[in-house]
Amino acid sequence: MSGTDNPPGDGTGNPPGNPPADPAAGQADTAGGQAGNAAGNPPGLDLGRLREHLDRQRPGLVRGTLRARLIEGGRSNLTYAVTDGVSRWVVRRPPLGHVLATAHDMTREHRVISALSDTPVPVPGTVLLCEDPEVIGAPFYVMDFVDGTPYRTSAQLAAIGPERTRAVVLALVDTLVDLHAVDPAAAGLDGFGRPEGFLERQLRRWGKQLEASGSRDLPGIAELHAALGKALPASPAPTVVHGDYRLDNVLVGDDDQVRAVLDWEMSTLGDPLTDLGLLVMYSEQETVPDAPVSTTGDAPGHPSARELVERYAERSGRDTSTIDWYTAFAYFKLAVILEGIHYRYTLGQTVGAGFDRIGSLVPAFIDRGLLKLRLQPQED
């Protein structure tokens, strides 16, 4: 199954703040999470069933009563910080409702994280994959807890100052270069995707995702989709791509280096410039007050989108002259993603706060994508 079939993940992080009392919550959950029900279970995770499964598959791993918190901030897969009072782990499972066909693939995430563990790309250690939906109601996997901060907004970056902000964002670019330098075959990821015709399939797949999740008229989105198809660039040599590469999908250490790259559900073998285009898109975005969408580009010290592209090009050796197309494609994907989340919200199938505002953001992403394509020079 190709990673082009999967909608993206949404990060595990929250804005850093005062540490919560629950020891299951680490740096990545410092804005708090949803506590469990009367039985101590957060939404979507039965701790009793989880403990039984871990005891069967990894005897001796768990040494005390499990406690967990839902890590808010993500809009797709559900992520939990879990502790037995001694050790800490993270559990990932699909959302509670409206799962599109082939979406939210836990096996894919687990495979790529495991494969990258011996490469320069920082990833959490994997503990266990469970593909049996009978255990907790859906497939899931368990990975090591990594201490670090997921910066989601320009306000959070402003708090660390312009020099550190610049260092953090440049480290994000350098880690992307490291990812795209991984030899898929050497990492055991040959056959992980189908690079041939990657961009065509991406456009077709995201068009189908829009059809499956759309619940209202969206002026301009069909025009944007068609324009992207007419201006399709030639892809460079394929690499492992993340599929949702952005600042709040990584954990950053106190030294401003990337400690772990998270949310691999969209990963595949394909065009590396799709990752760069998404990163550029987020760097261009201005902060929208109270919006549950990660934006960092207007933080003091944040490198410009042009500088990010130039650094990537210099360090990777790739031609980035068609980056405007990839950025427009990123705007289109985000419009589709947000529309799908808005649809789940209208059905009452979302967990957490902020979903009521997502639908109003979709038209802006469509407009930005159209503008990006219109700025490209026309061929003779």
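Predicted model: local features only at pLDDT ≥ 70, side-chain atom pairs only at ≥ 80, totals over all residues.
A polar contact is a pair of N or O atoms within 3.5 Å; within protein, one must be able to donate a hydrogen and the other to accept it, and residues adjacent in sequence count only if both atoms are side-chain atoms. Residues are numbered from 1 along each chain as its sequence is written, and side-chain values use heavy atoms, with hydrogens and water left out.

Start with the overall plan. The protein has 10 helices and 10 strands. Helices (H or I, at least four residues) and strands (E, at least two) are DSSP runs, numbered from the N terminus. Of the 380 residues in the protein, 58% are buried. Buried means under 20% relative accessible area, exposed means over 50%, and partly exposed lies in between (1.4 Å probe, protein chains only). Contact means heavy atoms within 4.5 Å. Among contacts between residues at least 6 apart in sequence, 74% join residues at least 24 apart.

Return to Ser87. Ser87 sits in the loop between β3 (78–83) and β4. Neighbours within four places in sequence aside, Ser87 is in contact with Arg63 and Val82. The C-alpha atoms of Ser87 and Phe145 are separated by 8.6 Å, although these residues are 58 apart along the chain.

Now the charged pairs. A salt bridge is a side-chain nitrogen of Lys or Arg within 4 Å of a carboxyl oxygen of Asp or Glu. The structure holds 19 salt bridges. One of them joins the side chains of Asp147 and Arg88 (3.2 Å, N to O). This pair links distant parts of the chain, 59 residues apart: Asp147 is in the loop between β6 (140–144) and α3 (154–158), and Arg88 is in strand β4 (residues 88–93). Asp147 counts as partly exposed, because its relative accessibility is 47%. Arg88 counts as partly exposed at 30%.

Another salt bridge joins Arg259 and Asp255 (2.2 Å, N to O). Both ends are partly exposed: Arg259 has 37% relative accessibility, and Asp255 has a relative accessible area of 39%. Elsewhere, Arg92, Glu109, Asp263 and Glu265 are linked in a network of salt bridges.

Asp324 forms a salt bridge with Lys372, with the closest N and O atoms 3.9 Å apart. This pair also links distant parts of the chain, 48 residues apart, with Asp324 in helix α9 and Lys372 in helix α10 (residues 362–374). Asp324 is partly exposed, with a relative accessible area of 24%. Lys372 is buried, at 12%.

Follow helix α9 next. Of its 24 residues, 20 are buried, so α9 is largely enclosed by the rest of the structure. How far apart are its end C-alpha atoms? They are 35 Å apart, which agrees with the 34 Å that the 24 residues should span at 1.5 Å a residue. The expected span of a helix is 1.5 Å times one less than its number of residues. After α9 comes Gly348, whose phi is positive, near 75°.

Then look inside. In soluble globular proteins, nonpolar side chains tend to be buried together. A nonpolar core is a set of buried Ala, Val, Leu, Ile, Met, Phe, Trp, Tyr and Cys residues joined through side-chain atoms within 4.5 Å. The largest such core has 83 residues, and Leu228 and Trp264 touch the most other members. α9 gives the most to this core, with 14 residues. Apart from it lies another core, of 21 residues, among them Leu70, Leu78, Phe140 and Val142. Beyond four places in sequence, the residues that Trp264 touches include Arg108, Glu109, Val112 and His242.

Arg318 lies in the loop between α8 (305–316) and α9 (323–346). Arg318 is buried yet has no salt bridge; Asp271, the nearest side chain of opposite charge, is 7.2 Å away. Here Lys and Arg count as positive and Asp and Glu as negative, with His and the chain ends not counted. The side chain of Arg318 does reach the backbone oxygen of His180, at 3.1 Å. Contacts of Arg318 beyond four places in sequence include Thr239 and Pro272.

Gly270 is in strand β10 (residues 268–270). Gly270 counts as buried, at 2% relative accessibility. Beyond four places in sequence, Gly270 touches Phe198, Pro238, Thr239 and Val241. Gly270 and Phe198 are 72 residues apart in sequence but 5.9 Å apart in space, C-alpha to C-alpha.
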